[in-house]
Amino acid sequence: MTTPNFRRILLKVSGEALMGGQSYGIDQTTVDRIAADIKGVYDLGIEICLVIGGGNIFRGLSVAARGMERATADYMGMLATVMNALALQNSLEKQGLQTRVISAIPMTSVCEPYIRRRAIRHMEKGRVVIFAAGTGNPFFTTDTAATLRAAEMGCDAMLKGTQVDGVYSADPKRDPNAVRFDELTYHDVLSMDLRVMDASAIALARENRIPILVFNLSEPVVSVLRGEAKSTIIRERE
């Protein structure tokens, strides 16, 4: 087995991944499994930070489509990500990992406010950092927040855990003819309108030359980093 050549990575976890088999909320068994997975990455000596979505609790865009003001709905979605971050922090600390939740919306009773240099210092000291509340601004997705934090932290790669084993030409759960890709460029994702991440996140990753690995969150992250599990890599061609 080869040890992955990454010093620091960002893992983006969708809120829906925390539901497990439920239709809503947080499944503790699933959160504990993800925490154990993160511990495996940490044990390789890789610094790791995370961004978690909030769709298992509240999805701002869909609520806005039903009549709520978009900015208000997005702020509510950001608060949902803080709840998820605290749940994952609890599970990570049961694994023996020192963890800090850092929120783009200040709420100092439960987590730290986002200060870039402090976040970097936490990682240098061997702590797992969980970034919550997106960018702190409405109209931006947690994918964009994840790419932004990956750039700010100087991450070597960003991993996006999803419900499928990579990027497909269409939703494989709905289209049996969907084609899976092993490798794509940022331009491919944008020009083919592949909905793996929103356009602003892809453009930001391209600008900062951050490779993105898209994989099924049911696979151990360590296996993805070692190339033992299926994934799609998005990067510029050599």
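Student: What makes S10 and strand S11 (residues 231-234) a pair?

Tutor: This is a predicted model. In it, four bridges join S10 and S11, in the antiparallel sense. Two strands pair if there are at least two bridges between them, so S10 and S11 qualify. Leu213 stands opposite Ile233 in S11.

Student: Which way does strand S6 (residues 157-162) run beside S10?

Tutor: S6 and S10 run parallel, joined by five bridges. Gly161 stands opposite Phe215 in S10.

Student: Why is strand S10 (residues 212-216) called mostly covered?

Tutor: Buried means under 20% relative accessible area, and five of the five residues of S10 are buried, so the strand is called mostly covered. Ile212, Val214 and Asn216 point one way. Leu213 and Phe215 point the other way.

Student: How do you know that Cys49 is in no disulfide?

Tutor: A disulfide needs two cysteine sulfur atoms within 2.5 Å. The nearest cysteine sulfur to Cys49 is that of Cys155, 3.9 Å away. For the sulfur of Cys155, the closest cysteine sulfur is in Cys49, and 3.9 Å is too far for a bond. The count is therefore zero disulfides.

Student: Are these two cysteines buried or exposed?

Tutor: Buried means under 20% relative accessible area. Cys49 has 0% relative accessibility, so Cys49 counts as buried. Cys155 has 8%, so Cys155 counts as buried too.

Student: Why are Tyr114 and Phe131 called an edge-to-face aromatic pair?

Tutor: Two values decide. A pair of aromatic rings is described by the distance of the centres and the angle of the planes. The centres must lie within 6.5 Å, and those of Tyr114 and Phe131 are 5.8 Å apart. Planes over 60 degrees apart count as edge-to-face, and here the angle is 70°. So the pair is edge-to-face. The count comes to one aromatic pair.

Student: Which residues of H4 are buried?

Tutor: Ala119, Ile120, His122 and Met123 are buried in H4. They cover an arc of only 155° around the axis, so they lie on the same side of H4. An α-helix has 3.6 residues a turn, so residues three or four places apart point the same way. The buried residues of H4 pack against several elements, including strand S1 (8-13), strand S2 (47-52) and helix H5 (142-152).

Student: What comes just after H4?

Tutor: Gly126 does, with a positive phi of about 90°.

Student: What is Arg206 in contact with, leaving aside neighbours within four places in sequence?

Tutor: Arg206 is in contact with Tyr186, His187, Leu190 and Glu236.

Terms used: Residues are numbered from 1 along each chain as its sequence is written. This is a predicted model: local features need pLDDT of at least 70, side-chain atom pairs count only at pLDDT 80 or more; totals for chains, interfaces and linings use all residues. Side-chain values use heavy atoms; hydrogens and water are left out. Buried means under 20% relative accessible area, exposed over 50%, partly exposed in between (1.4 Å probe, protein chains only). Rings of Phe, Tyr and Trp (its six-membered ring) pair if their centres lie within 6.5 Å; planes under 30 degrees apart count as stacked, over 60 as edge-to-face and the rest as tilted. The arc is that of the directions from the helix axis to the C-beta atoms. Contact means heavy atoms within 4.5 Å.
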